[in-house]
Structures are given as C-alpha cells and as structure tokens.
Amino acid sequence: MFKNIIFDMDGVLWRGPEEIGDLSESFKIIEENNVKFALATNNSTKRLNKYVEKLAGFDVHIKEEQVFTSGTASAYYLKKIYPAGTRAYVIGESGLKSFIRDAGFELVEEDAEIVLVGLDREINYDKLAKAGQFILYNNAVFYGTNADPSFPSANGLVPGAGAMLSPITTTTGVEPICFGKPSPTMYEQALEYLGALPEETLMVGDRVDTDATGAQGLGIKTAVVLSGVATREDVEAHTPKVDYVAEDLDDLLRQLF
C-alpha cells in the first residue's frame, strides 16, 4: 500500500475535455484508503486554478497547492539562480507567462538574458526567429519547460513543447535545459508538498520516457496506464521495468486496492 500518489493528468485523468473513466469514483476510492495525492503535468499552458476548475467539473475537489506543472517547475528553478528583474523572452501561453512574471522576471521582446520555451498553440515563425537570435547574438541562455514531442488530445496525439524547442535547436545548435519530467524538479516539489518519502510514493503516468524515467530516478515506484501515449510494447521495452501496468486508472486502482 502506498501512502502517496503523484498523478500525471493528460492521458491519465482526461483526454482533451473528456474524463477517462469515472474520476469522482476513482478519487473517492483513493480518499477511502487514506492516500494523499498531488498532480504533476508537463503542460505549462494553464494557471493552477484552471486545473482546480476542470477537476471540479468532474466532481473531484482539490487545492491549487496540490498541482505542479512544468511552468511552476521552471519558475521554481529559475528564481533560484537569477535575480529579480532578469529579462526573459517567453514563448508560451498565459499560464507559463504568469508563473515567470510572478517569480520576479521581466518579460521582454528585446535584449533578453534568458529564453524560455513551452507549449504555445499560437507559435509562429517570428517567435521562433526572435528566440534564436537572442540565443545566438545576445548569449541568452536557452531553457525549455519540457521536451515532450507530443501529448494526447481527444483527437489523438498533437505537437507538444518539444516540437517548439526543435526548430530553435536546429537554428542555433544549442540544446535547451528543461525542467519538466523526467527532470526531478517537479517530483521534488510534489514530495515536499506531500511530506513524502520516495519509497512510500507511486507515480502514475502515461509515458515511460518522462513519467516513469523521472520517478525511477528518485526511487519513486511507477505505474503506467495505457490510456494516453504509451503502448504496452513501449512499457515492455522500458528499463528498468515499471511496477504496474494498467489499461486505465480504474484498472490500476483495482490492482492497488
């Protein structure tokens, strides 16, 4: 029995606007078994209140402090190494920009000292060109929220933040430093919130390359559900082996409880 669970969201709890299974019933089971939980996603686009509102629509009630994103991980890390007022060029949506602004950075369109790139569904050539020029000619340091090439939507896989990073790397020859899974930053934040030891915690995700790999690096047990990106073949090929494989969250909870 695990005392704590860290859940990925896209592909585990929902695909696009649709919940996967009966989330209200699933989280009742978790509560009845006295398991604490946090949510961790590589999606940097939304403010934390949007996750609270989305889950409330599925009759699951959480607090903002239970949610960790590649946007919060980016702000958490960058704030540690740069002074307030550092000039940042951010490619991303409102959630990411709010996290970086709230961390004390100045969001700019010229003379950037750092470039941070996340998922941006309004990406265009000018944004990519500007980011590349700051890296090449301003010596701006290149960061990414996460390197996921895709993520699951209601209509199948669509481009992820990694698809935004790729053309900038191709232009500059510079690889970004990324903060989302499999980087440990988000897991460390979640463990700190939960007051949890890694060996007492289970990570539930839908990708082996990010969710499972990142958790295994910290000694967190792993479960992969097949309702998102990973196929059974992906899971079987992954090393080290994950601890649980399930068709979806409902199936996993039957295995656990």
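Lys 50 and Glu 53 lie three residues apart in helix α2 (residues 48-56), and are therefore separated by about one helical turn; helices here are DSSP runs of H or I with at least four residues, strands are DSSP runs of E with at least two, and both are numbered from the N terminus. An α-helix has 3.6 residues a turn, so residues three or four places apart point the same way. The side chains of Lys 50 and Glu 53 meet in a salt bridge, with 3.9 Å from N to O, where a salt bridge is a side-chain nitrogen of Lys or Arg within 4 Å of a carboxyl oxygen of Asp or Glu. Lys 50 is partly exposed at a relative accessible area of 42%, and Glu 53 is likewise partly exposed at 45%; buried denotes under 20% relative accessible area, exposed over 50%, and partly exposed the range in between (1.4 Å probe, protein chains only).

The model is a predicted one, in which local features need pLDDT of at least 70 and side-chain atom pairs count only at pLDDT 80 or more, while totals for chains, interfaces and linings use all residues. Residues are numbered from 1 along each chain as its sequence is written, and side-chain values use heavy atoms, with hydrogens and water left out.

The salt-bridge rule gives a count of ten. One of these joins Lys 127 to Asp 120 at 2.8 Å, N to O; Lys 127 is partly exposed, with 22% relative accessible area, whereas Asp 120 is buried at 4%. Another links Asp 209 with Arg 207 at 3.2 Å, N to O, and here Asp 209 is partly exposed at 38%, while Arg 207 is buried at 7%.

The twelve residues of α3 (residues 70-81) should span 16 Å at 1.5 Å a residue, and the end C-alpha atoms are 17 Å apart, which agrees; the expected span is 1.5 Å times one less than the number of residues. Among the buried residues of α3 are Ser 70, Gly 71, Thr 72 and Leu 78. Thr 69 caps the N-terminal end of α3, with a side-chain oxygen 2.9 Å from the backbone nitrogen of Gly 71.

Asn 4 lies in strand β1 and is buried, with 2% relative accessibility. Beyond neighbours within four places in sequence, the contacts of Asn 4 include Val 35, Lys 36, Thr 201 and Leu 202. Strand β1 (4-7) is also among the elements that cover the buried residues of helix α10, as are α1 (23-32) and β13 (201-205). In α10 (residues 249-256), the buried residues include Leu 249, Asp 251 and Leu 256.

A further open sheet has five strands in the order β7-β6-β8-β9-β12, again with parallel pairing, and β7 (106-107) and β12 (177-178) are the edge strands, each pairing on one side only. Strands β8 (residues 114-117) and β9 (residues 141-144) pair over four bridges, with Val 141 in β9 as the bridge partner of Ile 114. Helix α4 (residues 94-102) packs on the sheet, touching β6 (87-91), β7 and β8, and its direction makes about 165° with that of β6. Helix α6 (residues 161-172) also packs there, touching β6, β8, β9 and β12, with its direction at about 155° to that of β9.

Methods. Two strands pair if DSSP finds at least two bridges between them. Contact means heavy atoms within 4.5 Å. Axes are lines fitted to C-alpha atoms, for helices over the stretch in contact, and angles run from 0 to 180 degrees between N-to-C directions. A polar contact is a pair of N or O atoms within 3.5 Å; within protein, one must be able to donate a hydrogen and the other to accept it, and residues adjacent in sequence count only if both atoms are side-chain atoms.
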